[in-house]
Every structure is written in structure tokens, then in C-alpha cells.
Amino acid sequence: MIRYAYIIPFLPLLGFFINIAVGKRLPRKGDWVSIATVGTGLVMSIVIFYEVFRIHDPNFKYHIVYPWLSLGGRFVINAGVLVDNLTAVMLVVVTGVSTLVHIYSVGYMHGDPRYSRFFAYLSIFSFSMLGLVLAESFFFIYIFWELVGVSSYLLIGFWFEKKSASDAGKKAFIVNRVGDFGFLLGFLLLFATTGMLGYDEVFQAIREGKIGGTLLTLAGIGIFCGAIGKSAQFPLHVWLPDAMEGPTPVSALIHAATMVAAGVYLVGRVYPIFTPDAFLFIAYVGFFTLFITATIALTHRDIKKVLAYSTCSQLGFMILSLGVGGFTAGLLHLSTHAAFKACLFLGSGSVIHAVHTQDIFEMGGLWKKMKITAVTFIIATLAISGVPGFSGFYSKDMILRDTLIFGMKNPQHMILFLGTLFTAGLTAFYMSRLVILTFFGKPRDHHKYEHAHESPANMWVPLVVLATLSFAFWFKSPFSDKGWFEVLVPKPASAVQAAVPAMAAHVLPAEEAKTAHAVPASAAKAEKPSEAAHAAKEEGHAPAAAAHGASHDEHLKHKAHIYAMVSSIAIAGLGILLAIGVYLFGWVDPDKVAEKFKPVHTFLVNKWYFDELYEVTVINGTKALSRAMGWFDNNVVDGLVNLVAQLGVWVSFLIGKFDNYVVDGAVNGMATATIGSGSFFRRFQTGKLYHYVFVLAGGVIIIYLVKAF
Amino acid sequence: MSLEKLLVVSAALFCCGLYAILTRRNAVAVLMGVELVLNAANINFVAFSHYVSRVIGGQIFAIFVIVLAAAEAAVALAIFLRLYATTGTVEVDTADVLKG
């Protein structure tokens with residue numbers, strides 16, 4: 001089945017074409033076409049995943065390529081498919097969530113005037129995302145990357161009659177373009193230096209040292225900029241909360257499993273190209289994101305906005321994890337997050353469907369009315385909070401462990417661990433707050449409470465499926481005491497490391513004094529033997545040379561794991577208890593706290609003033625620039641154009657005169673001369689025969705005389 | 001008889017013909033002048049054929065000219081008839097509609 005993996009993206013594309021063309025005229029307005037195509041994709045993905053899982057080889061890779069476009073014979077752009085363990089997992093995640101969202105939409109979008117178009121958009125989105133996952137070169141991932149951007153624009157702005165929705169669509173698209181530009185520059189930089197586009201070829205070129213040092217760091221950061229945009233990382237996270245204007249199934253699809261995951265997937269996919277400096281940049285971007293957005297989520301009243309900020313925050317966890325070297329942890333969190341966050345979004349959609357409001361302070365007590373939604377929502381909340389036994393605990397625990405290891409090796413970056421741990425507590429707190437305000441306590445709006453009802457089956461079945469996937473059981477490997485994900489998706493060897501020690505050898509001594517700069521490089525050096533040992537150990541034959549480093553590293557890892565696990569359980573419990581205490585039992589009045597820390601509260605309610613900051617700097621800056629450009633256009637450019645026009649008029653005037661007098665004079669002169677000569681010669685044409693004969697004879701005589709003498 | 005005498009006769013005849021063409025107003029008289037010119041040429045043909053080239057081609061050519069002159073006279077007389085029918089005269093001066 002792996003051989004047929006390339007078919008998977010084309011199934012939703014087929015669904016898209018059918019639905020966009022004739023969807024309206026099909027029975028049930030064509031929703032079954034989209035569901036069937038993406039469902040077939042899901043079945044194929046599961047089969048592929050099963051095959052990959054049965055092979056159970058960390059290095060498994062199915063890679064086909066054929067030349068697609070030859071440019072002037074100098075190089076060839078390849079099209080192809082890359083399926084490894086990570087791809088197989090992502091295929092299941094994407095098609096799985098997509099299928100469930102499709103099914104859920106049947107209920108949620110029921111009666112919408114553009115029902116079949118909605119399914120068409122969902123299909124094109126699934127196509128883009130699957131293409132992105134299966135791409136094997138920077139070129140194709142970029143194409144699908146942009147397709148994801150376009151289709152997300154269509155979906156977020158689906159209710160474009162609402163100005164806020166169409167604005168949100170535009171905002172998402174434009175903000176994403178900013179990041180995409182970095183991505184484009186990054187991969188063009190790689191292409192310019194290595195001449196390659198395929199992942200493996202580029203990695204190989206980097207290993208050969210065709211690009212390195214600062215240039216490679218810049219290329220890595222450039223590509224990461226794409227992830228900043230798509231995965232809504234600081235400072236481009238502003239689009240994601242606004243994108244909640246889209247229909248809730250869209251929020252679940254885009255913001256849980258697919259689009260925002262694309263950024264993390266990209267970083268994971270091109271992991272070997274990042275230099276230590278780039279990793280540090282990635283780690284801090286992730287760190288800022290997870291902290292800033294978690295604090296914003298504390299104060300919001302809109303159920304979907306809270307989930308949106310929590311998504312940003314969780315993506316920050318993933319990015320941070322990738323940045324500190326926790327490759328497996330970050331991608332595991334991506335997969336677990338896809339399930340429980342989709343469940344949360346769909347659950348919130350179910351709630352919104354029931355009470356027709358998004359303000360959690362108008363809800364409350366819904367537990368009695370919507371048991372299934374409530375239970376699934378609580379399961380997903382426990383998972384995101386990191387309660388043991390749920391999937392989120394497993395992945396978040398790994399992230400914290402890897403961050404702690406990084407912090408232990410580089411004590412000046414210990415803030416990453418502490419801040420992340422604190423944010424994990426915040427996550428537990430605000431998610432519990434959300435659950436308590438929505439489902440427990442007394443109904444605050446009786447009118448809305450009376451009308452609330454459980455959603456139809458096609459809405460709660462996806463919830464149940466996703467909630468089931470939020471448990472930890474599916475992370476145990478049958479072949480090892482580790483989780484299967486940890487075994488199957490190991491950290492790839494960095495392509496940079498081969499080059500870095502050689503460079504670091506002459507750079508480091510000079511820079512050792514300035515620790516801040518030198519440490520990432522030395523950290524990479526320290527990690528390198530352990531990395532090799534780690535990989536080798538799993539295969540069961542550790543080289544003797546690396547054994548010492550490995551045992552030390554294992555020890556550190558074990559210690560870090562214990563610390564991280566204990567502290568994360570403690571802080572999650574603390575967060576949940578605090579939320580229960582505050583919002584269920586009313587130990588502390590949240591309003592009083594808000595009053596007491598008014599500046600902080602206002603600051604958080606206004607989302608750290610990011611939108612205002614962008615308004616003042618970027619938007620007003622752009623407007624001012626546009627005005628300046630407009631002035632320049634109106635005065636300088638137009639002036640030049642008008643001057644040229646005036647010159648043209650003058651020159652034409654002169655040329656006209658020349659034409660009238662010189663050229664016409666010549667032509668008329670010719671005519672006059674012809675007429676004059678004609679009237680002179682016509683006199684010889686007498687019509688009298690004897691004149692002619694006389695001239696004839698005279699001529700003969702003259703010729704004779706001329707010849708004779 | 002010698003070539004020179006014949007040539008003198010022929011030249012005289014030619015001059016008579018030319019004089020007739022130049023001075024006569026009557027179209028028939030002009031035509032007669034043309035006949036004289038043609039016959040002057042015929043005499044030359046026959047004379048050169050007899051005294052110079054010693055082949056019979058010149059004399060045959062003279063016969064051709066005579067035939068041609070007959071044909072010409074027929075065409076010319078027909079034109080004169082039409083001219084007379086149109087203008088009521090055969091004076092060549094009156095037929096000057098092609099004057100420039």
C-alpha cells in the first residue's frame with residue numbers, strides 16, 4: 001500500500017473538483033463525496049501506518065522520485081513521495097482529524113446556504129495538507145505550503161458576509177505571507193548554495209560542507225520563519241485567535257491537526273539543517289510563544305479564543321521542544337495535541353451549537369444537558385493539562401524532560417525549563433477554568449440554558465473517537481518498553497554537526513570567553529557522541545568508544561525525566577486544583593484579583609497589545625509609506641511623465657511644421673514640375689501627320705549627317 | 001546598269017514619296033506617297049540582292065513588302081472610308097482629335 005501513498009492527496013482533490021462543480025446538484029448537496037474521498041484516504045493511511053508499524057524500523061524510508069521539470073538542462077526539479085515513520089503518523093493524524101471534521105460538519109453546517117462549497121473547501125484543504133506531508137523536496141513542500149495558506153484563507157473567511165470573518169481571513173493570509181517570505185528566502189538560499197531541492201540531497205550537500213556557518217544559520221532561521229507564520233508563533237501569532245471567526249469545524253481542522261501543525265512538521269522534516277544558533281532561536285521563539293499566549297488565555301471570555309490561545313501555547317511547546325533537541329517529544333506532542341485539541345474545538349462547537357453564544361460567562365451547568373460533550377471535553381482537558389494516564393501527559397512530560405536536559409547542559413538557558421513548567425501549570429489552570437465555567441456551577445443565563453441540548457450523533461461521534469484517542473494507551477510499543485513513537489521517530493542525525501566541529505575548532509577558542517555565543521556550538525559537540533550512542537544502543541550494539549558518554553547521558557536523561565515528571569504532575573495538579581478552588585468553590589473572587597492587579601489584567605485582556613503594536617508600527621508604517629509613495633507618484637513620477645508628454649507635444653509641433661513645408665513642398669514641387677513640363681511638351685503633339693513625318697525624316701537626316709561627318 | 005544608278009533611282013523615288021507624304025493633305029495622296037517609299041525600299045532590296053549578296057533572299061523580301069503594301073493599302077483605304085463617313089472629308093489635317 002505504501003507504493004500507492006501518492007494517491008492519498010488526490011482523493012480529496014477529486015472530492016474538491018466534484019463538489020465545486022456539481023456539488024449543489026448532487027443528493028445531500030455532495031457532502032458524501034468529500035467524506036468518502038477523505039475517508040478512503042484515512043483507510044489507506046491506516047493501512048500504510050499498519051505496514052510501517054509492523055516493519056517497526058526507525059530508519060524505514062520509502063522514497064520515490066521522478067524528474068518533473070527540466071530547466072534548461074542544467075538541473076531538474078523532481079516530483080516524488082517520501083514516506084517514513086513520521087509521514088505515516090502525520091498521514092493518519094491529518095486524514096483522521098479531517099475525516100472526523102468532515103463528519104462533524106454534516107451536523108454543524110446543516111442548512112448553510114453554501115453547504116457544498118464548504119465541503120469543497122475542506123477537501124482542497126485536506127489535499128494541500130496531505131501533499132505537504134508527502135512532499136519530498138523543499139520546492140513541493142513550499143507549493144503545498146502556499147496551497148494550505150490559500151485554502152485556510154477560504155475556510156476562515158467562509159462566512160464572508162461578516163466583516164470580522166473576511167478580515168480574519170485576510171489577516172491570516174497576509175500574516176502567513178510574511179512568514180512564507182522567510183521560508184522562500186531560506187530555501188532559495190539553500191538552493192543557491194547547494195543547487196539541490198530534495199531534502200536528502202540538501203542534507204548531503206550540507207554534510208559535504210557546501211553551506212555552513214552563518215549562512216546556514218540564516219537559511220535555517222528563514223525556513224523557520226515559515227513555521228513561525230503557519231504555526232502561529234510569536235511574533236506572528238496574531239492571526240490565529242482572529243481565525244476563530246471561521247466555522248468551528250474549520251477551527252478544529254486548521255488549528256488543531258493540520259495547518260498549524262504544518263510549521264512544526266516542517267521544522268521536524270528539515271531538522272538536520274539547523275545549526276545550534278538556529279536551534280537556540282527556535283527554542284526562544286517557542287518559549288516566548290508558549291508563555292505569552294498562555295497568559296493571554298487566562299483572561300479571555302470567548303470559549304474559542306481561549307482554545308485558540310491554548311493552541312498557540314501548545315505549538316510553542318512543540319517548537320520549544322524541537323529547538324532544545326527534543327525532536328521526538330515535539331512531534332509526539334504534535335500528534336497527541338491533534339487529537340485532544342480537535343476534540344476540544346469540536347466540543348466547543350457542540351456547546352456553541354447548543355447555547356448560541358461563545359461567552360463562557362453566559363454558560364455554566366451544561367453538564368446536565370450535554371453529557372457526552374462534557375465528558376469528552378473533560379477528557380481532552382485532562383489530556384492537555386498533562387494529567388497522568390492521558391496522552392498529553394506523556395508528550396508534555398517528554399518536552400519538559402528534554403528542556404530540562406538542555407537547561408542542565410546550558411545552565412544559562414534554565415529559564416526555558418522553569419518558564420515552560422510554569423506555563424504547563426497555567427495551561428492546566430485556564431483549561432480547567434474553561435471546563436468549570438462551561439459545564440459546572442450554576443447556569444448563569446437561564447434562557448440559554450433552557451434551550452441547550454445534546455448535539456446530533458454525527459457531531460458527538462467524532463468527539464467520542466477523538467476523546468478515546470486522548471488516552472495514553474496507544475503510545476506503548478509492543479516491541480519495546482518505550483513508546484512506539486519514541487522508537488519509530490528518533491531524532492535524525494544533524495547534517496550540520498559534521499561541519500561544525502571543524503569550524504568550531506578555530507572559532508571556539510576565541511569565543512569561549514563570550515560564553516553566550518559559544519555555548520550552543522559546544523553543546524552541539526557535547527550532544528553529538530551521546531546522540532550516536534543513543535541511536536546505536538537502540539539497535540543493540542553500542543560502540544565501545546561512545547559507551548562512556550552514553551552512560552553519562554542516559555543517567556542525565558533518567559534524572560531529568562524523574563524531575564520533569566514529578567514537577568509536571570505537581571504543577572498540573574496545582575493548576576487544576578487552583579482553578580477548581582477559584583471558579584467552583586469561590587475561595588478567591590477572580591474579579592477582585594483582576595481588580596487588584598488591574599494593569600496586568602488589562603494588559604492580558606488586550607493580548608499584550610500585539611494588535612495595537614502592529615497597528616501603530618506595521619500598519620501605520622505601511623500607510624505612511626504608501627502616502628509618501630503616493631506623493632512621490634503624484635508629483636515626481638507624474639511630473640516626469642507630464643514633462644515627457646509636453647516634450648512630445650513640442651517635438652510633434654516641429655515635426656508637423658517640417659512635414660507641412662519641407663516634405664509637402666517637395667511633393668507639391670514634383671507635381672508642379674510635372675504639370676509644367678507636361679504643358680510644354682504637349683505643344684509638340686500637334687496631331688498633324690505631316691509634322692510627325694517631318695520630324696521623322698528630319699531625324700533621319702540629322703542621324704545621317706552625324707554619321708557622315 | 002550598275003548598283004549606283006539603281007540606288008540613285010531608289011533615293012529619288014524615296015524623296016518623291018516623302019515629299020508627297022509631307023506636302024499632300026489628301027489622305028489617298030499620302031497613301032500613294034507611302035507606296036512610293038515602299039517601292040524605293042523594294043528597289044534597294046532587289047539591287048543589293050543582285051549586286052552584293054548574290055542570294056535570292058532580298059528579292060523574296062521585296063515580294064513580301066509588295067504583299068504587305070497591298071494589305072496596308074486595303075486597311076488604310078478602309079480607315080479612310082470610315083474617316084469620310086465620320087467627318088465628310090479625307091483631309092488629314094481635320095483628323096487631329098489625338099492632338100495633345
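User: How do you know what confidence chain A carries, and what share of its residues scores at least 70?

Analyst: Chain A averages a pLDDT of 80, and 90% of the residues score at least 70, where pLDDT is the predictor's confidence in each residue on a scale from 0 to 100. Over residues 498–546 of chain A, however, the pLDDT is below 50. This is a predicted model, in which local features need pLDDT of at least 70 and side-chain atom pairs count only at pLDDT 80 or more, while totals for chains, interfaces and linings use all residues. Residues are numbered from 1 along each chain as its sequence is written, and chains are lettered from A and ligands numbered from 1 in the order in which they are written.

User: Why is helix 4 of chain A called roughly antiparallel to helix 5 of chain A?

Analyst: The axes of helix 4 (residues 115–134) and helix 5 (residues 138–156) of chain A come within 8 Å and cross at roughly 155°. Angles under 35 degrees count as roughly parallel, over 145 as roughly antiparallel, 65 to 115 as roughly perpendicular and the rest as oblique, so helix 4 of chain A is roughly antiparallel to helix 5 of chain A.

User: What makes up the contact of these two helices by residue class?

Analyst: The residues of the contact between helix 4 and helix 5 of chain A divide into 12 nonpolar, four polar and no charged, with Ala, Val, Leu, Ile, Met, Phe, Trp, Tyr, Cys and Pro counted as nonpolar, Asp, Glu, Lys and Arg as charged, and the others, Gly among them, as polar.

User: What share of chain A counts as buried?

Analyst: Of the 709 residues of chain A, 47% count as buried, a label given when 20 or more other C-beta atoms, placed from the backbone, lie within 10 Å of the residue's own.

Technical notes. Contact = placed C-beta atoms within 7 Å. Axes fitted to C-alpha atoms, helices over the stretch in contact; angles between N-to-C directions. Helix = DSSP H or I, 4+ residues; strand = E, 2+ residues; numbered from the N terminus. Buried ≥ 20, exposed ≤ 12 C-beta atoms within 10 Å, placed from the backbone.
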